[in-house]
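Subject: Structure handover

Hello,

Here is the structure I promised to pass on. My notes follow below it.

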Amino acid sequence: GMNAAVRAVTRMGIYVGAKVFLIYEGYEGLVEGGDNIKQANWLSVSNIIQLGGTVIGSARCKAFTTRAGRLRAARNLVEHGITNLCVIGGDGSLTGADIFRSEWGELLEELVQDGQISEEVAQENCRLNIVGLVGSIDNDFCGTDMTIGTDSALHRIMEVIDAITTTAQSHQRTFVLEVMGRHCGYLALVSGLASGADWLFIPESPPEEGWEDLMCERLGESRSRGSRLNIIIIAEGAIDRDGKPISSNYVKDLVVQRLGFDTRVTVLGHVQRGGTPSAFDRVLSSKMGMEAVMALLEATPDTPACVVSLSGNQSVRLPLMECVQVTKDVQKAMDEKRFEEAIQLRGRSFENNWNIYKLLAHQKPAQEKSPFSLAILNVGAPAAGMNAAVRSAVRIGICQGHTIYAVSDGFEGLARGQIREVGWHDVAGWLGRGGSMLGTKRTLPKTCMEKIVENVRKFNIQGLLVIGGFEAYEGVLQLVEARGQYEELCIIMCVIPATISNNVPGTDFSLGSDTAVNAAMESCDRIKQSASGTKRRVFIVETMGGYCGYLSTVTGIAVGADAAYVYEDPFTIHDLKANVEHLTDKMKTDIQRGLVLRNEKCHEHYTTEFLYNLYSSEGKGIFDCRINVLGHLQQGGAPTPFDRNYGTKLGVKAVLWMSEKMQELFSEGRVFADSEDSACVIGLKKKVVAFSPVTELKKVTDFEHRLPQEQWWLNLRLMLKMLANYQISLTEYISGKMEHVTRRTLSIEKGF
């Protein structure tokens, strides 16, 4: 994701009229100067967004930690007239930048005294502004939701776990997987949660005394219940209660000696840092890069050095040293064995991940059988992450003592009585499976209402959890509107939005859209590569999404598309003409390729075929065109780490909410729910997970086009156009606010 950030900072800088320099080899290049500092132009950062690592290099630098080294660095910057520095790195690099900034005045004085620079040069460059972007695969920087590179590292880890799961199942093996994280267990924790690992070691929460016995007992138990494999995930910095390291080999030997299981260790190592960046990282870095330039432009002598971060889906600015302080506090808490506190300082989402992992990893018998029955079904087109949500909902329901029914084939299955009770182990291994294991249909309840009511009565269902797309929301709305006619429908209902189109009202992200964006992005990366080879070629790629342009917009940002046509951002023949001219100009540069995305229903008359004909005839003799329709490959594939994790969390939260509602409305042996807030959509809104009544959402829905009337992601289109070199006005750009990082802010649930 670092390259996406370099590209965004460079282009945004040029866009606002600044001179942009790239410094090669990190601080070493800053100290050495010379050829390491080069002015960049628009094309310097072309075709790098899909590359892993960083094209400008990075190096640990001893010299910069000394005052003499920083003096040389200051001189090199002054020579080029550079007074704004954007640093992409971990807490070490960012702390170094802050020290550099605080010494800047003294360093210049020293250079003037040594006669290396004149007094007026020192005056012109009297202030150094610094902004940081956190690049760290461990996600160990406190105060920021996600750091650049974390999501891509999780992609690598999940690819390995999926591959190992198949071999372990065949051979009935136990695998100990060691992932990176010397001081921070984030990668281990999320990959454990997203793979349903049997046991997990993280530095923030060492296992209790006697963990060896407990772990072996649990591994043996899961085998005797028919599981053919065990997966143990260990962070490289894992320790016991006394602070002594726990090594992956120690764990392996333990399993072999006590249980005699065939056990293997896999150390993932630097695989986790490499590979192509995920869509989330590319979009995150592009957003943060734009925001970083704005932060530098708006900096005053009084603003502290800040880091740019994402909170939910909003850009924010955080004072650099506040973040560094809390990050140090975590380490101190761990060193002093205050482990509970260490987990809290990591932030609420970390703590939640940990608690949900412990809840779902191992079956705990319910305290008592509850009188409630819950039915779970999938509705609409398949979306990755549906199975993760079903799994966690089933397991959390069983923990609460409810009877859980799984319904095949959506509302149609509910009408036909395709309903069966499920247990804890029926959903084992579902996390990593794409599509829908329950089977899904688009049928809406109004076509079979009588039969649905009959089965709700027959199975005594008091709660209905519907996981699916726009039809799931519309279907629950129909059931709620039929409550006046059928008393049986006065039950608790909840919709978990799961669709690649991300078009369900009540949430910013629907389950499955992250996987779909990644699938579309991988295809476009390949298409771009083909176009680079042939020269002077423009590809027109059609994406899915119904009327919703989320998929094509976000994919467009992730692959650096020249344009993305969507229904929500109306375009005319004048816009098409401008796009063709823009591509014609582009063919005169060194980049002789173009990529245009078109959402399937963006315009009734300007079809993909029409665009192809238009571009072909207008570009005659300058470039030729090809069409690619991505189609259903956007629905398939294994779910991304984000969708596994998000599905798991939504499943848990939805069932906990339903349980609370059922208890609240239980009287005289039954649940009677006729209030608006008893049928809701659960979703992530800005930073929090919220429940919105379907009847409220009806007021803000465009049913003809199956869209929410207001969509947050439309402001991303500004970034898409700017990065593709269109002259647009930035007056609509919303700058991130400065927020403080304290123990209180860390305790707020972020939803991720």
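**Salt bridges**

The count comes to 38 salt bridges, where a salt bridge is a side-chain nitrogen of Lys or Arg within 4 Å of a carboxyl oxygen of Asp or Glu. Please keep in mind that this is a predicted model: local features need pLDDT of at least 70, side-chain atom pairs count only at pLDDT 80 or more, and totals for chains, interfaces and linings use all residues. Residues are numbered from 1 along each chain as its sequence is written, and side-chain values use heavy atoms, with hydrogens and water left out.

In general, side chains of opposite charge can pair when their charged atoms come close.

- R67 and E106 meet through their side chains, N to O, at 3.2 Å. R67 sits in helix α3 (residues 67-80) and E106 in helix α4 (residues 91-113), so the pair ties together parts that are 39 residues apart in sequence. Helices (H or I, at least four residues) and strands (E, at least two) are DSSP runs, numbered from the N terminus. R67 is partly exposed at 31% relative accessible area. E106 is partly exposed too, at 45%. Here buried means under 20% relative accessible area, exposed over 50%, and partly exposed in between (1.4 Å probe, protein chains only).
- R416 bridges to E412, with the closest N and O atoms 3.0 Å apart. They are four residues apart in helix α15 (residues 410-416), so about one helical turn separates them. R416 is exposed at 58%, whereas E412 is buried at 16%.
- E696 pairs with K699, and the closest N and O atoms are 3.1 Å apart. E696 is partly exposed at 37%; K699 is exposed at 57%.

There is also a network: K332, E336, R338 and E341 are joined by salt bridges that share partners.

**A negative patch**

E109, E119, E120 and E124 form a patch of negative charge on the surface. Patches take residues with over 30% relative accessible area and no salt bridge; like charges are joined within 9 Å, and nonpolar side chains (Val, Leu, Ile, Met, Phe, Trp, Tyr) within 5 Å. Helix α5 (residues 119-124) gives the most, with three residues. E119 belongs to helix α5 and is partly exposed at 49%.

**Domain record**

UniProt, in an unreviewed entry, places "domain: Phosphofructokinase" at residues 1-295 and 374-657. Such annotations may be inferred rather than shown by experiment; positions are in the numbering used here, and feature names are shortened. In residues 1-295 the end C-alpha atoms lie 20 Å apart, and the span is 47% helix and 13% strand. In residues 374-657 the end C-alpha atoms lie 12 Å apart, with 42% helix and 18% strand.

**Backbone points**

Most residues other than glycine have a negative phi. N502 has a positive phi of about 55 degrees, although it is not a glycine. N502 lies in the loop between β16 (492-497) and α18 (513-534) and is buried at 4%. R706 also has a positive phi of about 55 degrees and is not a glycine. R706 lies in the loop between β25 (701-702) and β26 (707-708). R706 is partly exposed at 29%.

V265 is in strand β8 (residues 263-267) and is partly exposed at 27%.

Best wishes

Terms used. Areas by Shrake-Rupley, 256 points an atom, 1.4 Å probe, with all protein chains shown as cover. Lys, Arg positive; Asp, Glu negative; His and termini not counted. Charge placed at Lys NZ, Arg CZ, Asp CG, Glu CD.
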